[in-house]
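I opened my notebook to write down what I looked up, one topic at a time, and how each term was meant.

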Amino acid sequence: MSARSSTPSGSLRQRNVPGTGKKNKDGAVSDVEIDKLVKAAGSKPASNGSERDYKIVLVFITAMAFLTRFWGITHPNEVVFDEVHFGKFASYYLERTYFFDVHPPFGKLLFAFMGWLVGYDGHFHFENIGDSYIANKVPYVAFRSLPAILGALTVSVVYLIMWESGYSLPACILAAGLVLLDNAHIGQTRLILLDATLVFAMACSLLCYIKFYKLRHEPFSRKWWKWLILTGFALSCDISVKYVGLFAFITIGSAVIIDLWELLDVKRQGGALSLPEFGKHFAARAFGLIIMPFIFYLFWFQVHFAILNRSGPGDDFMTPEFQETLSDNVMLQNSITIDFYDTITLRHKETKAYLHSHADRYPLRYDDGRVSSQGQQVTGYPFNDTNNYWQVLPAGADDQKLGRHVKNHDLVRLRHLVTDTILLSHDVASPYYPTNQEFTTVAIADAYGDRAADTLFEVRIENGKPGQEFKSVSSHFKLIHNPSKVAMWTHTTPLPEWGHKQQEINGNKQIAPSSNVWLVDDIPSLPADHKRREKPERKVKTLPFLRKWFELQRSMFWHNNQLTSSHPYASLPYQWPFLLRGVSFWTHNDTRQQIYFLGNPIGWWIASSVLAIYAGIVLADQFSLRRGIDALDHRSRSRLYNSTGFFFLAWATHYFPFFVMGRQLFLHHYLPSHLASTLVTGALVEFIFAGEPTEHEVASKAGKKGVKRHVSARERFAGQSMVGPWIATLVILAAVFAGWYFFLPLTYGYPGLTVDQVLRRKWLGYDLHFAK
């Protein structure tokens, strides 16, 4: 009779250690010895629990997770916080209208799928926080149900992670309970937001890797491959929701590197691997955890491009070539080939400012004492007027031929019509950038005389081919000053009063950045009924998938890095573990109701404290070992460093990278790390309060002689009292429940609170509404 396991396959990352029981001829502890221990445990109080107990608790916790996530999900029945973005994107998918977002498409595609399931047509675009869902007939409950389902299942996955890792029942309950009763996880999973999908995928990647790792003694078996591929799929889903999903790759990748390093050891207990065998292990992991996730990642973009085939608000973020792959595109309809002697208006692609000039001149001296040329000002102006009109002249003064098209790499001069001067750049520092060249204008006589070279500019079309025609709207280009090779550039910092608070135009020596790109907005010299303005029917073009994907990736990364502006509810990473501030999601003045995104302070502070305790225990153990004191048995140290250490690694890799990010950051960025901290908490409470485990490891024949498995929590703690872990778990969860209940009105948005009730919830000076 073999011992029953309270986990499907045992625990995570336990090293082979000398057993205390009798060994059979294969070197494994006999099943009879384990049976004796387990039977002995049955006569003792507070046993760890059978597999049936684990399953019953899993069902109960899952039910409670669905209850807490779905309770009152219909409130409020109006747009809340970032639902303005992700609800809008779902509508665009259903309308097949192209949009741009800095996040990958998987999470948004899931919302669109939910809308499609209930027959929603995408007519509502979630324009403003507070817009009514009822009045606009939006199936918002269906949209909100997706993150609520995933948020509830995340609690179950946390429980399964602990169970699969071989932890006791109270440790499993504690870890899952900290997520179950956390106000931040609840609040983020009841709204049309991406983080529920992100956190669920991250938790699944940990669970799948643990199940894969436990099969390391059965390499290349069907189950081994299954959990390897599922780990890769979970990782792919994670990074396909938000790019911070890369942190999960770092977590799993670090564990895989350690695992491969151990496989390379010729003294490993299972016997040395030959280099070809090791190569197979390496190749399998590279395929399952890098190549397959990348293929899945590309697949969601293929779906993204296949659905969004109509022109929309995202067009402006893409190149003209990309835009021409969309039907109903304005660029296809309005682009006109530009001829020499046409009058045009030039617009900066990034800031939308027009190239502008007026009779006023640069001051003799700037505020920092530098001297200008006192030439005519050339600025960026946000509104269209006649001072934005420039005539395109050929390089040669005697070239009077009309009807000749301007082409890529042609040299041109730009004549400012109102002041009858020619655009020029020269080696004089610009007002704000001493390293950049000033842009000004000179008289026509000078432009074709002594200053002829300084008035020549090259039209360099982005991704243009030699001889390609220069067109309005569709030709995104850089205007390169021919002698100095600087690119015309502008930025949003306004000039002083002498420049009428308009934008500075200067010559940027760094010509590669996309911020140097301009486009021709219109050709005012062409009458509305001119033949050149006729719009013949044009066919939608195609581009290779990888070219579209690379272009979108570049644009996503660039715009993601530009999210550096301040936000009233932005926070810094050092504030997150201590829950120093939250985020206001929604308010209703008449009822004094509000949704304030905030974690459960008690749960967060306990988890953060346990992280510090864990680090302290590891440091103390290392110090003791250096001094020749071995305070821990081999199995306890193995679990402390490997299993609990794996959870701690997940916390660290999802937390510390934010310290080097320059973009806007908010409390929700800590949710994956918080989940990892709950795993550390459950594991460490068992380590501190449980008795010393019995040191043995069993081998199960399982149809194959000598195939090993690890002992379950029930077997590890056989014959030992679990009163300590149970008491610690119940005390912690009681305190966490109190914190959860106290902050519920801020999480669910009702009931409204009085001034006194709001003030009592401003524990750390939280910036709550209706506090007076």
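This is a predicted model: local features need pLDDT of at least 70, side-chain atom pairs count only at pLDDT 80 or more; totals for chains, interfaces and linings use all residues.

**Salt bridges**

I began with Arg 310, which at 37% relative accessibility counts as partly exposed; here buried means under 20% relative accessible area, exposed means over 50%, and partly exposed lies in between, with a 1.4 Å probe and protein chains only. Residues are numbered from 1 along each chain as its sequence is written, and side-chain values use heavy atoms, with hydrogens and water left out.

Which residue forms a salt bridge with Arg 310? I found Asp 328, with the closest N and O atoms 3.8 Å apart; the term requires a side-chain nitrogen of Lys or Arg within 4 Å of a carboxyl oxygen of Asp or Glu. Arg 310 sits in the loop between α11 (275-307) and α12 (320-323), and Asp 328 in the loop between α12 and α13, so the pair ties together parts that are 18 residues apart in sequence. I noted that helices (H or I, at least four residues) and strands (E, at least two) are DSSP runs, numbered from the N terminus.

Next I looked at Lys 352 and Asp 316, whose salt bridge has its closest N and O atoms 4.0 Å apart. This pair links distant parts of the chain, with Lys 352 in the loop between β1 and β2 and Asp 316 in the loop between α11 and α12, 36 residues apart. Lys 352 is partly exposed at 36% relative accessibility, and Asp 316 is partly exposed too, with a relative accessible area of 47%.

I then turned to Asp 756 and Arg 760, whose side chains meet in a salt bridge at 3.3 Å, N to O. Because these two residues are four residues apart in helix α22, about one helical turn separates Asp 756 from Arg 760. Asp 756 counts as partly exposed at 48% relative accessibility, and so does Arg 760 at 44%. I also saw that Glu 164, Lys 211 and Lys 214 are joined into one network by salt bridges that share partners. A search of the whole structure finds 25 salt bridges.

**The nonpolar patch**

After helix α22 (755-760) comes the segment that holds Trp 763, a residue that is partly exposed with a relative accessible area of 35%. Trp 763 belongs to a nonpolar surface patch, together with Leu 572, Tyr 574, Phe 578, Leu 580, Phe 656, Phe 659, Val 660 and Leu 764, and the patch has about 900 Å² of accessible area. Patches are made of residues with over 30% relative accessible area and no salt bridge, like charges being joined within 9 Å and nonpolar side chains (Val, Leu, Ile, Met, Phe, Trp, Tyr) within 5 Å. The areas come from the Shrake-Rupley method with a 1.4 Å probe, and for residues only the protein chains shown count as cover.

**Loops and peptide bonds**

I looked up Gly 375 in the loop between β2 (354-361) and β3 (376-381), and wrote down that Gly 375 is buried, with a relative accessible area of 8%. The C-alpha atoms of Gly 375 and Tyr 362 are separated by 5.8 Å, although these residues are 13 residues apart along the chain. Gln 374 lies in the loop between β2 and β3, has a positive phi of about 55° although it is not a glycine, and counts as partly exposed at 40% relative accessibility. Tyr 341, in the loop between α13 (330-334) and β1 (343-348), also has a positive phi, near 80°.

Where did I find cis peptide bonds? One joins His 75 and Pro 76, with omega about -5°, and Pro 76 is found in the loop between α2 (51-70) and α3. Another runs from Tyr 750 to Pro 751, with omega near -5°, and Pro 751 is found in the loop between α21 (744-748) and α22.

**The whole chain**
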